[in-house]
Amino acid sequence: MHIHQLRLDSPLPLSHGDELAKRIYYASSDIESFRLIEEELRIVAVEVTTVREVGTDDLARKVNLISDRDVLPQRITSVERVWNSPHSERFADGAVYEQLLALGLVHEMGQGLIASGGLFTATLDALDERIRNLAIGRFGAKEQRYPTLISTETLRRGGYLDSFPQFLMSAHRLHADVDTYSDFVGEGESAEDIGARLARYGEHSGYCLPPTMCFHTYQQFHGKRLDSGGTAVTSRGKSFRHESRYSRSVERLWDFTIREMVFFGEGKAVADLRQSFLEASCDLIDELGLPGHVEGANDPFFGDGRNPRRMLAQRLSGLKYELRLPVEAGRTVSVASFNAHGTLFGEPFEIALADGSTASSACVGFGLERFAYSFFCQYGPELGNWPGSVRRALGL
């Protein structure tokens with residue numbers, strides 16, 4: 001192990017520490033661990049650990065780039081809570097994730113990857129069914145099933161490549177050439193790292209793994225004129241984000257499941273639908289007896305000097321709210337987000353209302369693994385210990 005002390009050119013207020021910590025692993029893939037160093041109520045340095053020997057000056061340059069461009073300009077505002085659950089926290093005994101592993105309800109399949117079965121999968125599916133029925137029954141959504149791959153052009157058109165490059169995961173293939181196949185197979189058990197070998201013989205396929213479901217919906221309606229009254233679509237699918245070393249148990253995965261809802265229509269009508277779905281979601285949390293709250297939030301934009309202003313605008317304008325549920329004492333995770341876009345996606349995807357004007361949009365997304373995990377953190381891994389009202393609400 002190699003330890004590097006990286007001084008910050010411009011020390012950060014302590015209030016900015018969490019924002020810097022969220023980005024350190026994206027500075028370099030060589031970073032294995034880190035800690036922030038404080039002096040006189042400021043963050044003045046970052047101590048990082050690497051497995052191999054890496055130039056300290058280059059690491060310092062990268063960390064300072066992130067700090068100066070993405071973190072220091074941020075105006076940290078107080079978090080606005082718009083709803084609090086009436087239920088008190090009742091944490092399950094012991095380390096819940098370890099219990100799930102011991103019971104075989106989840107299995108680790110690689111970094112940021114889990115398989116699940118038994119009661120965990122049944123709970124995830126039951127929660128999804130409640131959200132799906134809400135989307136279809138109360139909000140009149142049409143359900144779509146989308147392919148896993150999404151075109152890279154769709155993500156470019158929707159601004160994802162410029163906003164969240166740190167999360168992007170692409171689909172790779174070997175060059176479509178018989179000589180490539182022959183040479184690739186002929187190398188057999190090469191000592192070369194398989195990733196380097198694939199890169200040498202391969203190319204981008206033109207498709208990516210989707211970071212969320214809504215981009216499929218925008219692509220589906222690209223260039224179309226909607227019926228009067230707007231359109232609502234719901235879908236469930238696997239989503240993929242490179243979480244680097246931030247992956248954590250079931251809470252933060254590279255490969256996870258989202259239930260999404262997208263509204264298209266006139267601006268105020270879409271914003272009202274977003275608010276109505278938020279309120280209906282809070283009612284569901286109350287019915288399930290879960291503690292938690294809804295608060296203002298912003299997206300984790302990365303890699304552009306404009307992003308601190310974009311993040312502040314989201315918070316001040318109430319464009320994004322998150323439903324956060326506790327997973328263990330003192331810590332919560334976001335299990336759902338409620339987002340208003342205006343014409344941010346209607347314009348590049350040329351989605352029009354019946355009168356020809358540009359459609360506004362909003363979306364709601366539930367991370368189903370997180371949602372299910374928050375359940376187990378409150379009630380434990382044994383169904384018999386769950387309140388009867390909760391079992392009945394989920395049909396378990």
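**View 1. The side chains of E243 and R252 are joined by a polar contact of 3.4 Å.** A polar contact here is a pair of N or O atoms within 3.5 Å, where within protein one atom must be able to donate a hydrogen and the other to accept it, and where residues adjacent in sequence count only if both atoms are side-chain atoms. The model is predicted, and local features need pLDDT of at least 70, side-chain atom pairs count only at pLDDT 80 or more, while totals for chains, interfaces and linings use all residues. Residues are numbered from 1 along each chain as its sequence is written, and side-chain values use heavy atoms, with hydrogens and water left out. E243 lies in the loop between β11 and β12, where strands (E, at least two residues) and helices (H or I, at least four residues) are DSSP runs numbered from the N terminus. Is E243 buried or exposed? With a relative accessible area of 6%, E243 is buried, a word that means under 20% relative accessible area, whereas exposed means over 50% and partly exposed lies in between (1.4 Å probe, protein chains only). Leaving aside neighbours within four places in sequence, E243 is in contact with Y26, F167, R252, L253 and W254, contact meaning heavy atoms within 4.5 Å.

**View 2. E322 sits in strand β14.** This residue, E322, is buried, with a relative accessible area of 14%, and a polar contact of 3.1 Å joins its side chain to that of R324. Beyond the neighbours within four places in sequence, the contacts of E322 include H293, V294 and E295, as well as S334 and A336. Eight of the nine residues of β14 are buried, so this strand is largely enclosed by the rest of the structure.

**View 3. Strand β14 runs antiparallel to β13 and also to β15.** Four bridges join β13 (residues 293-296) to β14, and in β14 the bridge partner of G296 is Y321. Eight bridges join β14 to β15, and the partner of R324 in β15 is S334. The hairpin of β14 and β15 has two residues between the strands, and G330 takes a positive phi near 80° in it.

**View 4. Eight strands form an open sheet with mixed pairing.** The order of the strands is β4-β13-β14-β15-β16-β12-β11-β7, and two strands are said to pair if DSSP finds at least two bridges between them. The edge strands β4 (81-84) and β7 (142-144) each pair on one side only. Strands of a sheet pair through backbone hydrogen bonds, either parallel or antiparallel. Within this sheet, β12 (residues 255-265) and β16 (residues 360-367) pair in the antiparallel sense over eight bridges, and G265 has S360 as its bridge partner in β16.

**View 5. Helices α4 and α12 contact the sheet.** Helix α4 (residues 118-138) lies across β7, β11 (231-240), β12 and β16, and runs at about 160° to β11; axes are lines fitted to C-alpha atoms, for helices over the stretch in contact, and angles run from 0 to 180 degrees between N-to-C directions. Helix α12 (residues 368-379) packs on the sheet, where it touches β11, β12, β14 (320-328), β15 (331-342) and β16, and its direction makes about 40° with that of β14.
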